[in-house]
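Please look through the sequence and the structure shown here before reading the short report below them.

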Amino acid sequence: MPDKGERGKGRHTSGGNKQKKPEVDIFSPAAMLNLYYIAHNVAHCLYLRGFLWPGAPKSKKGKKKT
């Protein structure tokens, strides 16, 4: 059994070689069908798509109950 110092090292990638994500059409039929099932109203639909209004309260994700 090899010691901790003798482990093989994984392959490292440089930060400049990341592949760009393709543009996603948020108005495609598949996206609209998904939005139909997850959004509760128009304001929620816009919120999920990233269109926030000025002064919107920020969500508190991961808030633990004490």
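## Basis of the model

This is a predicted model, in which local features need pLDDT of at least 70 and side-chain atom pairs count only at pLDDT 80 or more, while totals for chains, interfaces and linings use all residues. Residues are numbered from 1 along each chain as its sequence is written, and side-chain values use heavy atoms, with hydrogens and water left out.

## The chain

The chain has two helices and zero strands, where helices (H or I, at least four residues) and strands (E, at least two) are DSSP runs numbered from the N terminus. Of its 66 residues, 6% are buried; buried means under 20% relative accessible area, exposed over 50%, and partly exposed in between (1.4 Å probe, protein chains only).

## Tryptophan 53

Tryptophan 53 lies in the segment after α2, and this residue counts as partly exposed because its relative accessible area is 46%.

## The aromatic pair

A pair of aromatic rings is described by the distance of the centres and the angle of the planes. A search of the whole structure finds one aromatic pair. Tyrosine 36 and tyrosine 37 form this pair, which is edge-to-face, with 5.1 Å centre to centre and 80° between the planes. Rings of Phe, Tyr and Trp (its six-membered ring) pair if their centres lie within 6.5 Å, and planes under 30 degrees apart count as stacked, over 60 as edge-to-face and the rest as tilted. Both tyrosine 36 and tyrosine 37 are exposed.
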